[in-house]
Each structure stands twice: as structure tokens, then as C-alpha cells.
Amino acid sequence: MFEPRTPILVVDDANTIRSIFVKTLKNMGFLSIDEAHDGKEAWEMMGVVNPPFGLIICDWNMPNMTGLDLLKAMRSDARFNHLPFLMLTAENDSAQVLEAIKAGVTNYVVKPFTSELLTQKLQNTYQKVNARR
């Protein structure tokens, strides 16, 4: 599992969803959680945060810059192309999931979610990242 001090960025345009994610992550023991309202704000934060984020949890559908666009930008930038990216979506459409996989998503969570599902997805994401090393 990710270390409790892993810097995490939660990106979602819905304040309620962000709050739920932050609370759930804190209850799981994570200590360093930042928030962004959309992909554009997240992209700007990524370039200046030190230490850098160790995990991105991002909604798909947002104004200004979607989660998919953020993922594609990250995967095309050597500074961020290795970062684990957990995509949130309200869609369970296999075509959308396939598009995210092709873009390089590490894992995804379909909303609504439970803390148990989030824990499982984080464990799976961590295992995928470590298998690549």
C-alpha cells in the first residue's frame, strides 16, 4: 500500500466528492492530501508542488480540463509520466474505460464508491506501480 506520507492530489469539480475523498483518505491514514477543482488547476499545481505528488486521484468529467486530458498531458511529460493515476468516473461504459487504459491510466473507480472499494483500488494501483519497477 502507499505510504501514509505519500503526497496525494484529489481532482474533482464537485466539492462534495472531493470532501468525501479527502475524508476517506484521511481515515485510511494518509497525511498529505491536496485538492484541485479541475485538470487545469491540477496541472498548474503539479509543476510547483515540492515534494511532488505520489498519486493523482482525478474525476473524468470536469470543466476547463478533463481528467482524460490531464492524464494525457501527464503521460506525455517526462516529469509526471510515471505517476500513478486513479481515474474517477460516473460512467461504467467499457469504451470510456478502454479510452482511459489506452491513455495510460493506472486504475479507475466508478462512482459511487465505498471506502472498501477505494482501499482495494489503491492496493491494486500500488501493486501495478511496483510491478513496473
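This is a predicted model: local features need pLDDT of at least 70, side-chain atom pairs count only at pLDDT 80 or more; totals for chains, interfaces and linings use all residues.
Reader: What makes the 22 residues a nonpolar core?
Author: A nonpolar core is a set of buried residues such as Leu, Val, Met, Ile and Phe, joined through side-chain atoms within 4.5 Å. The largest one here has 22 residues, and Leu 9, Val 11, Met 46, Ile 56, Met 74 and Phe 85 touch the most other members.

Reader: Which elements supply at least two residues of this core each?
Author: They are β1 (8-11), α2 (39-46), β3 (55-59), α3 (67-75), β4 (85-89) and α4 (94-103). The largest share, four residues, comes from α3. Another core, of 16 residues, lies apart from it, with Phe 21, Leu 25, Phe 30 and Leu 88 among them.

Reader: What is Met 46 in contact with, leaving aside its neighbours within four places in sequence?
Author: Met 46 is in contact with Leu 9, Phe 53, Ile 56, Leu 70, Met 74, Phe 80 and Leu 83.

Reader: Why are α2 and α3 called roughly parallel?
Author: Their axes cross at roughly 25 degrees, coming within 9 Å. Angles under 35 degrees count as roughly parallel, and therefore α2 and α3 are roughly parallel to each other. As for handedness, α2 passes α3 in a right-handed crossing.

Reader: Which residues meet there, and how do they divide into nonpolar, polar and charged?
Author: From α2, Gly 39, Ala 42, Trp 43 and Met 46 meet Leu 70, Ala 73 and Met 74 of α3. That makes six nonpolar, one polar and no charged.

Technical notes:
Residues are numbered from 1 along each chain as its sequence is written. Side-chain values use heavy atoms; hydrogens and water are left out. Buried means under 20% relative accessible area, exposed over 50%, partly exposed in between (1.4 Å probe, protein chains only). Contact means heavy atoms within 4.5 Å. Axes are lines fitted to C-alpha atoms, for helices over the stretch in contact, and angles run from 0 to 180 degrees between N-to-C directions. Angles under 35 degrees count as roughly parallel, over 145 as roughly antiparallel, 65 to 115 as roughly perpendicular and the rest as oblique. A crossing is left-handed if the near helix is turned anticlockwise from the far one by less than a right angle, and right-handed if clockwise. Ala, Val, Leu, Ile, Met, Phe, Trp, Tyr, Cys and Pro count as nonpolar, Asp, Glu, Lys and Arg as charged, and the others, Gly among them, as polar.
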